[in-house]
Amino acid sequence: MKRASLLILVLSILLAGTMSVSAEEKVRGVTDSEILIGQWGPQTGPAALWGAVARGTGVFFELINSEGGIHGRKIKYFMRDDAYQPAKTKAIGKEFVEDIGVFSIVGGVGTSSGMAVRDYLMQNNVPWVGPPTGSTHWIDPFQKYLFSIYPLYWQEAFLLTQYAAEKMDKKKIAFFYQNDDYGKQGLDGARKYMDEKGLKLVAEVPVEVADTDLKTHALKLKESGAEAVIMWVLPKHAAIILGASKAAGFQPQWMASSTLSDSEMMFGVTKGLWKDVVFANFMDVDSPLIKKYLDATDKFAPQEKYRGIFYLAGFLFAEPLVEGLKRAGKDLNPDSFVKAMESIKNWNNWLGHDCTFTQNDHQGMKSVYLAKCGENGKTIKISDWLTYTGK
Amino acid sequence: MNLFWDLIIGGLSIGACYALVALSMVIIYKTSEVPNFAQGEMAMISTFVAFELVSGFSVGFWTTVAITLAFAFCLGCLLELAFVRPAKDPSVLGLIVITLGAEMILYGIAGWKWGAQQHPFVVPFSEYDGFSLGGVTITEINLWTFVTSLVMMLLLFLFFRFTKVGVAMKAVQQNAFAARAMGIPTRRILTFTWGLSSVTGAVAGMLIAPIATLDPNMMLDPMLKGFAAAVLGGMTSLPGAAIGGYSLGLIENFFGGYVSLEFKSVVAFAVIVLILCVKPSGLFVKHFEKKV
Amino acid sequence: MDMKRDYYEDIQLFKTKTVFAGTLVLLAFLGALPLLVGDYALYLINLIAIHSIVAVGLNILVGYTGQISLGHAGFFAIGAYSCVLLMVKAGFPFLLALPVAGFISALFGFVVGLPSLRLEGPYLAIATLGFGMATTQIISHAGFTGGHMGLAAPPISIGTLVIQTGKGQYAVIMSIAVIMTIAAVNLLKTRVGRAFVAIRDSEIAAEAMGINLSWYKTLAFAVSAFYTGIAGALMAFALQHVSAGSFNLILSITFLAMIIVGGLGSVMGSILGAALLTYLQLKLQIIQEAPVIGPFLTEISVRYFTREGLPNIQSIVVGAIMIAIIIFEPRGINGIYLRMKRYWTMWPF
């Protein structure tokens with residue numbers, strides 16, 4: 001008897017703690033004074049570097065709120081930590097939809113994390129703007145409520161390979177990639193270009209997220225005799241492979257995905273080796289908005305130490321969302337929001353470039369530009385905005 | 001052919017790192033028969049302390065090393081006093097759980113204090129320049145790591161064999177009760193053991209950080225590999241742990257270079273399972289049967 | 001007190017009439033739960049139920065047979081992937097795929113149990129650790145498992161009934177959890193259960209009494225793996241997604257923590273430990289929203305640590321709980337309960 005009643009008691013206490021009163025609203029996440037928006041991100045764990053994105057979005061919303069909000073409504077922002085684990089992301093997704101009741105989701109780092117909740121969110125008509133990865137899973141199959149902003153990885157890789165072969169005259173190109181969906185999509189892009197030209201990559205070297213010893217990988221790249229190596233990995237591995245390669249006496253032209261576009265940070269971490277690395281970028285580093293956002297950070301989150309590209313990305317992925325909310329007007333619901341988003345064409349009042357959504361195409365940004373790492377990590381543009389014009 | 005020699009150099013240099021981690025693990029195992037899962041995080045925190053000293057307070061490198069080693073020693077002793085000693089006669093499982101708990105606490109503290117960015121760790125020996133031997137580059141840091149691991153192994157071996165404290169530590173492992181009856185202060189010896197192990201771990205951490213970049217997750221992988229190395233060589237044998245470390249580094253590198261880069265990390269765990277099935281006490285340790 | 005008068009009383013499933021009645025009330029309560037709480041709370045309870053199954057299974061191995069396993073995430077993964085693959089690639093219906101997945105996991109458990117015959121204590125822990133990690137690595141690379149991205153799990157379908165809602169899932173998961181818990185409690189009263197306990201208390205004496213060590217030890221592993229595999233499969237359905245990344249070392253450690261905190265050798269302890277740790281895991285990350293401690297912690301973070309690192313407090317708290325339990329109450333929550341019970345039954349002496 002005691003055993004059972006104790007169990008009942010414990011369960012009740014737990015339940016009482018988890019139950020929350022959810023307001024009865026006609027539209028989930030929207031009241032006369034507030035719009036509820038959620039984001040998850042890896043605040044702990046091996047991918048915690050990307051946690052900066054979610055924090056950036058938080059400051060962006062505070063900035064918007066300080067300017068008066070959107071049609072009289074302030075944005076209430078919820079940030080959760082999923083430690084890059086799909087199981088936790090799913091729980092967070094459920095919390096957002098069923099417990100807190102958000103209107104939309106913004107950002108949300110991680111392809112596999114996002115995939116765990118994508119279908120769930122779509123089934124519940126939750127608009128989702130700007131998953132910060134260039135995976136094709138956000139637009140294929142087409143999702144009514146999902147708006148992707150990050151240029152597709154494979155297109156980016158294609159453009160990088162093209163630049164290496166045509167503008168930098170490198171015939172032997174190798175690809176160093178993270179052995180998961182992110183890296184493999186980049187690999188597909190590079191391969192596509194090589195196939196079209198009837199060539200092959202001289203080496204395709206995978207790396208695991210947990211690896212820290214990349215000597216063998218460097219040796220494999222060296223053995224292939226590559227003149228240019230395109231990296232599609234985490235900042236940590238990019239830094240290590242540059243060091244390991246130099247130690248092995250191998251110094252090709254390094255090229256990198258936009259995920260490694262924080263050249264100042266990479267310069268610092270690699271102790272200067274990052275100089276002259278060519279990388280893709282989709283954030284306009286000369287935009288005056290950057291100063292505005294950094295000033296906002298000083299005001300709302302002065303203790304934020306890291307204010308590099310990943311942090312600013314939190315702003316970038318939320319800007320179209322706010323634009324969509326503005327265009328949707330006072331009568332805000334998922335469908336009016338979708339319609340508003342789809343009215344955005346060649347929009348340039350943000351950190352990105354040419355944001356365009358149509359009824360059939362929810363890939364907002366399709367261009368990147370190439371840049372080089374200069375002195376002390378300065379980003380030097382070496383190409384104009386490039387758009388993939390193929391199939 | 002160059003690839004072959006490059007792989008050997010690579011294998012030995014990473015193997016030296018594994019050897020250092022394995023040594024620190026064996027030190028504790030030799031005295032208290034518990035595998036210390038908090039090893040990696042202890043080393044990682046010590047390395048972060050070194051980083052703070054160098055970058056935050058601009059202390060010279062060798063002074064930093066001295067201070068860090070002292071800190072590591074205190075950290076090890078503190079962990080033993082705070083977590084292990086209060087446990088009243090814990091079972092093996094209990095001790096394992098304590099070290100796991102300590103590992104989580106240290107990891108959490110490091111993540112909390114230093115965030116998630118990569119930090120560069122600067123050492124006076126270069127990671128890329130070195131000298132060439134027939135087309136194969138041996139970098140300065142590889143040399144330092146290898147030499148340090150050999151020196152530490154030798155020092156520890158001599159320590160255990162010839163000093164009073166060392167022999168006392170061995171006695172405590174073999175029979176704690178009898179050791180106490182002989183007048184050995186067992187509890188102080190245990191505390192000292194943890195401190196010593198932490199110091200070795202800190203050395204490993206400072207040598208791994210320049211190559212692997214410093215962040216809270218730095219030691220997760222090397223710790224597991226160090227485990228594998230210690231299992232391979234024998235958890236109670238210091239030379240065994242070191243040789244296990246070099247062997248594991250070589251095996252991993254050759255596997256990655258010639259067989260499959262994708263499954264390179266699985267090798268370490270496969271080695272663990274295999275050795276435990278075939279010769280549980282490791283390659284260099286005699287296996288004792290328990291008598292009733 | 002609890003004096004038993006004959007053998008049959010000892011092996012009774014329900015000790016007294018009140019225990020039986022209490023169990024019925026509990027079951028009724030569990031059955032009515034979906035009508036009382038919201039979907040999100042139900043999801044939490046699903047997770048707790050799944051973790052309880054694992055905890056009970058692990059307890060059979062660790063608490064009752066005295067072995068150690070740091071690799072149970074491996075069995076969890078095997079169960080999850082087997083079930084999904086069987087349903088997706090081989091077209092098995094759910095009711096068949098689930099037990100088969102459990103048996104596949106049990107098979108692996110048996111295989112892992114074989115080395116355990118020669119290993120003990122720390123060596124066994126390391127061996128299981130190696131197994132757990134190797135499994136995750138292999139799964140994430142094998143092509144047919146969908147690699148790092150994992151696979152999407154289909155919804156549970158029993159016959160022609162497709163279960164899409166949280167309530168439906170709750171019905172399935174909770175019923176399975178209840179059945180397996182009762183089975184575990186029952187198991188421990190049979191010959192097999194007594195053999196396990198005998199092995200834990202003294203292997204040599206057990207063998208001297210005629211208990212076949214090899215058979216029972218590997219059986220313990222197999223049973224434990226079976227439980228964990230079933231739980232893994234259910235988890236795949238609760239999340240509607242499996243990916244290798246979630247089955248890591250931390251998960252194995254968390255499972256172990258659940259039974260240590262709950263109390264080794266006690267089924268109820270395992271359930272409580274699972275409930276507590278699952279709850280903590282989900283709630284600790286939003287600790288800055290907690291009433292008093294939240295702002296206090298944020299204050300310290302800004303001053304001495306980094307603000308963004310605050311979620312790391314999850315690790316610190318769980319680690320601290322694990323150590324605290326070992327130091328202060330090695331028998332876990334169950335130990336606390338037993339102490340309280342003894343205090344009250346012996347009062348006022």
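The dialogue below goes through some contacts and backbone features of a predicted model.

Trainee: What makes the pair Asp335(A) and Lys144(A) a salt bridge?

Mentor: The N to O distance between the two side chains is 2.8 Å. The cut-off is 4 Å between a side-chain nitrogen of Lys or Arg and a carboxyl oxygen of Asp or Glu, so the pair qualifies. Over all chains, the count by this rule is 24 salt bridges.

Trainee: Why is the pair said to tie together parts that are apart in sequence?

Mentor: Asp335(A) belongs to helix 13 (residues 334-341) of chain A, while Lys144(A) sits in the loop between strand 4 (128-129) and strand 5 (146-147) of chain A, so the parts it ties together are 191 residues apart in sequence.

Trainee: What else is found in that loop between strand 4 and strand 5 of chain A?

Mentor: Pro141(A) lies there. The peptide bond joining Asp140(A) and Pro141(A) is cis, with omega about 5°. Most peptide bonds are trans.

Trainee: What is noted about phi at Asp354(A)?

Mentor: Phi is positive, about 50°, although Asp354(A) is not a glycine. Most residues other than glycine have a negative phi. Asp354(A) is in the loop between helix 13 and strand 11 (367-373) of chain A.

Trainee: How do you know how helix 2 and helix 12 of chain A pack?

Mentor: Two packed helices are described by the angle between their axes and the distance between the axes. For helix 2 (residues 51-66) and helix 12 (residues 319-328) of chain A, the angle is about 35° and the axes are 11 Å apart. The crossing is right-handed. Phe60(A), Phe61(A) and Ile64(A) of helix 2 make the contact with Glu319(A), Leu321(A) and Val322(A) of helix 12. By class, these residues are five nonpolar, no polar and one charged.

Trainee: Turning to chain B and chain C, how many residues are in contact?

Mentor: On chain B, 48 residues are in contact with 46 residues of chain C. The buried area is about 4,100 Å², and carbon and sulfur atoms give 80% of that. Leu93(B), Met104(B) and Trp112(B) supply 20% of the area that chain B buries against chain C, more than any other three residues.

Trainee: How many salt bridges are counted between chain B and chain C?

Mentor: The count is zero salt bridges.

Trainee: Which helix of chain B gives the most to the side that touches chain C?

Mentor: Helix 4 of chain B does, with 19 residues. By class, the side of chain B that touches chain C has 34 nonpolar, eight polar and six charged residues.

Key:
Residues are numbered from 1 along each chain as its sequence is written. Chains are lettered from A and ligands numbered from 1 in the order in which they are written. This is a predicted model: local features need pLDDT of at least 70, side-chain atom pairs count only at pLDDT 80 or more; totals for chains, interfaces and linings use all residues. Side-chain values use heavy atoms; hydrogens and water are left out. Contact means heavy atoms within 4.5 Å. Buried area is the accessible area (1.4 Å probe) that two parts lose on being put together, summed over both. Helices (H or I, at least four residues) and strands (E, at least two) are DSSP runs, numbered from the N terminus. Ala, Val, Leu, Ile, Met, Phe, Trp, Tyr, Cys and Pro count as nonpolar, Asp, Glu, Lys and Arg as charged, and the others, Gly among them, as polar. Axes are lines fitted to C-alpha atoms, for helices over the stretch in contact, and angles run from 0 to 180 degrees between N-to-C directions. A crossing is left-handed if the near helix is turned anticlockwise from the far one by less than a right angle, and right-handed if clockwise.
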